[in-house]
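Student: I have a model open and would like to go through a few residues with you. Could we start with the contacts of one side chain?

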Amino acid sequence: MRNVIAAVAAVVATTTLFTTALEASPRDRFIVLDANADGVLTQRELNMVGCKISPNLFKQIDSNGNGEISLSEYRRFSRVIKSQPGCI
């Protein structure tokens with residue numbers, strides 16, 4: 001019974017965090033996706049957190065071609081990113 005309660009609590013906590021992230025501003029969602037907190041998102045980093053963005057879409061978002069998505073680049077494409085599987 002304790003395992004069931006713990007599992008339910010974990011699901012509720014995860015759902016609450018995810019729902020809160022979906023309602024958050026683009027900056028707040030960017031911070032959640034920025035797993036190593038270095039201020040940029042890489043393709044590898046997005047994959048690590050379950051955000052599935054194709055390499056072609058990543059290149060479109062990465063407007064300066066440096067292999068990283070900055071906050072300003074993320075903001076311009078936040079709706080597109082949010083619509084991708086596993087992304088917020």
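Student: Which residues is Glu-45 in contact with, leaving aside its neighbours within four places in sequence?

Tutor: Glu-45 is in contact (heavy atoms within 4.5 Å) with Leu-33, Asp-34, Ala-35, Asn-36, Asp-38 and Val-40. Please keep in mind that this is a predicted model, where local features need pLDDT of at least 70 and side-chain atom pairs count only at pLDDT 80 or more, while totals for chains, interfaces and linings use all residues. Residues are numbered from 1 along each chain as its sequence is written, and side-chain values use heavy atoms, with hydrogens and water left out.

Student: And what lies 2.9 Å from a polar atom of the Glu-45 side chain?

Tutor: That is the backbone nitrogen of Ala-35.

Student: Is Glu-45 buried or exposed?

Tutor: Glu-45 counts as buried because its relative accessibility is 4%, where buried means under 20% relative accessible area, exposed over 50%, and partly exposed in between, with a 1.4 Å probe and protein chains only.

Student: Changing topic, which residues are buried in helix 2?

Tutor: They are Arg-29, Phe-30 and Leu-33, and because the buried residues fall within an arc of 105° seen down the axis of helix 2, they line one face of the helix. The arc is that of the directions from the helix axis to the C-beta atoms, and helices are DSSP runs (H or I, at least four residues) numbered from the N terminus.

Note on methods. Polar contact = N/O pair within 3.5 Å; in protein donor to acceptor, adjacent residues only side chain to side chain. Helix = DSSP H or I, 4+ residues; strand = E, 2+ residues; numbered from the N terminus.
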